[in-house]
Amino acid sequence: MTTGLLDRYGHLLDLPPHTARVTLLEGGTPLIPTPRLARRMGGGFDLLIKYEGLNPTGSFKDRGMTAAVSEAVGRGAKRVICASTGNTAASAAAYAARAGLGCVVLIPEGKVAAGKLAGARAYGAQVVQIKGSFDDALRLVVEITRRHPIALVNSINPYRIEGQKTAAFEICDDLGAAPDLLCLPVGNAGNITAYWGGFKRYDEVKGSGLPRLLGVQAEGAAPLVLGHPVEKPETVATAIRIGRPARGEEALRAAEESGGRIIAVSDAQILEMQRLLAQEEGIWVEPASAAGLAGLAQEVAAGRLDVRGKRVVAVCTGHGLKDPDIISRATPQPKVIAPTMDALEEIVLQSEERQP
Ligand code: AN7
């Protein structure tokens with residue numbers, strides 16, 4: 001039977017007894033082998049994509065949200081609030097709707113991808129745009145939840161982290177053990193923190209081992225690489241356009257404990273990886289979700305990471321449909337022709353065939 005994550009893994013998570021069950025049957029996302037992409041990076045290793053875009057609202061946030069909203073409902077909350085670069089907003093809105101709670105989301109004006117904003121609106125959240133960054137929005141929601149009885153569902157909320165540990169459990173269950181290396185994008189740094197906690201928990205109970213972690217930020221929003229906050233973060237990967245990660249210290253500790261690192265890649269590298277993954281493997285992810293793989297490719301090419309004979313999992317955090325505008329800008333406008341065979345033959349026979 002299909003169950004939600006709390007039914008499947010709740011016994012391994014640190015959730016209070018009052019926690020309810022609010023679920024959209026999230027999780028259970030596939031681990032997809034991508035041999036063509038691995039060959040491009042030099043080959044000789046297994047590369048698998050944990051495709052988190054296949055969660056109910058199109059991102060990994062649903063894992064944390066089933067836990068956070070379930071806990072909030074259980075203790076009698078009437079409303080939840082979050083700051084968001086988009087995916088948290090859509091997820092919070094959906095789970096709040098599912099639970100019959102009110103939901104307020106605070107987003108940076110003009111910097112949230114179309115599919116995420118549409119999601120938050122469709123699920124009926126009160127969407128508030130602020131003239132500022134995600135970091136400004138987070139500061140405000142933390143403050144308002146201190147003053148008023150509204151439940152905070154950003155990843156500062158410990159139950160978000162608990163829920164997100166389930167992705168590490170699933171990977172170990174699928175592979176029979178932890179992978180050798182896990183790469184993933186880093187924004188507010190909740191997810192890398194959760195993965196590390198999840199792998200450690202599973203290692204305790206199942207002896208599944210621990211991976212090295214490669215966390216990847218965008219160059220224009222790389223506080224954990226620079227070693228200081230970034231006042232005006234900028235990147236095409238708006239999901240990780242974050243200058244003061246709430247769990248930055250934990251993320252750095254997790255990377256170090258694992259024997260891994262947090263690095264940065266350029267927007268050009270992110271977009272090129274997004275294109276390769278879509279056009280050579282058929283997996284379309286939003287730009288931020290390609291950052292982990294772009295970081296992996298960079299480190300392997302530079303000889304800083306030896307992956308030969310290893311099993312590498314790349315977490316692709318959000319679906320490509322979240323950010324359709326980036327594709328409209330990056331690919332040529334589809335041609336319009338007259339409805340005749342001449343016109344069709346002319347255009348089809350012009351274009352080259354691809355070699356498999
Ligand atoms: C697709 O939605 O912060 O390092 O407000 O949407 O745990 O923050 C999103 C983050 C990676 C980074 N990939 O994860 C938000 C938000 C995607 C994301 C991240 C986000 P964290």
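User: Why are helix 9 and helix 11 called oblique to each other?

Analyst: In this predicted model, helix 9 (residues 190-206) and helix 11 (residues 248-257) pack at an angle of about 45°, their axes being 8 Å apart. Angles under 35 degrees count as roughly parallel and those from 65 to 115 as roughly perpendicular, so the pair is therefore classed as oblique. The crossing of helix 9 past helix 11 is left-handed.

User: How do you know which residues of helix 9 and helix 11 meet?

Analyst: Contact means heavy atoms within 4.5 Å, and by that criterion Ile192, Thr193, Trp196 and Lys200 of helix 9 meet Glu250, Ala251, Ala254 and Glu257 of helix 11. These residues divide into 4 nonpolar, 1 polar and 3 charged.

User: What makes a residue part of the lining of the largest cavity, and which residues lie nearest its centre?

Analyst: A lining residue has an atom within 4 Å of a cavity point, and 30 residues line the largest cavity, with Phe60, Lys61, Gly187, Asn188 and Ala239 nearest its centre. The space in this cavity is about 330 Å³, and the structure holds 1 cavity of 30 Å³ or more. Helix 9 gives the most to the lining, with 3 residues, while helix 4 (87-99), helix 7 (158-164) and helix 13 (287-301) are among the helices that each supply at least two. By class, the lining has 11 nonpolar, 15 polar and 4 charged residues.

Notes
Residues numbered from 1 in each chain as written. Predicted model: local features only at pLDDT ≥ 70, side-chain atom pairs only at ≥ 80, totals over all residues. Heavy atoms only, no water. Axes fitted to C-alpha atoms, helices over the stretch in contact; angles between N-to-C directions. Helix = DSSP H or I, 4+ residues; strand = E, 2+ residues; numbered from the N terminus. Parallel < 35°, antiparallel > 145°, perpendicular 65-115°, else oblique. Left-handed = near helix turned anticlockwise from the far one by under 90°. Nonpolar A, V, L, I, M, F, W, Y, C, P; charged D, E, K, R; others polar. 1 Å grid on protein atoms, 1.4 Å probe; cavity = no way out; pocket = protein on both sides within 12 Å on 5 of 7 lines; lining within 4 Å. Points joined across faces, edges and corners; volume = space filled by probe spheres on them.
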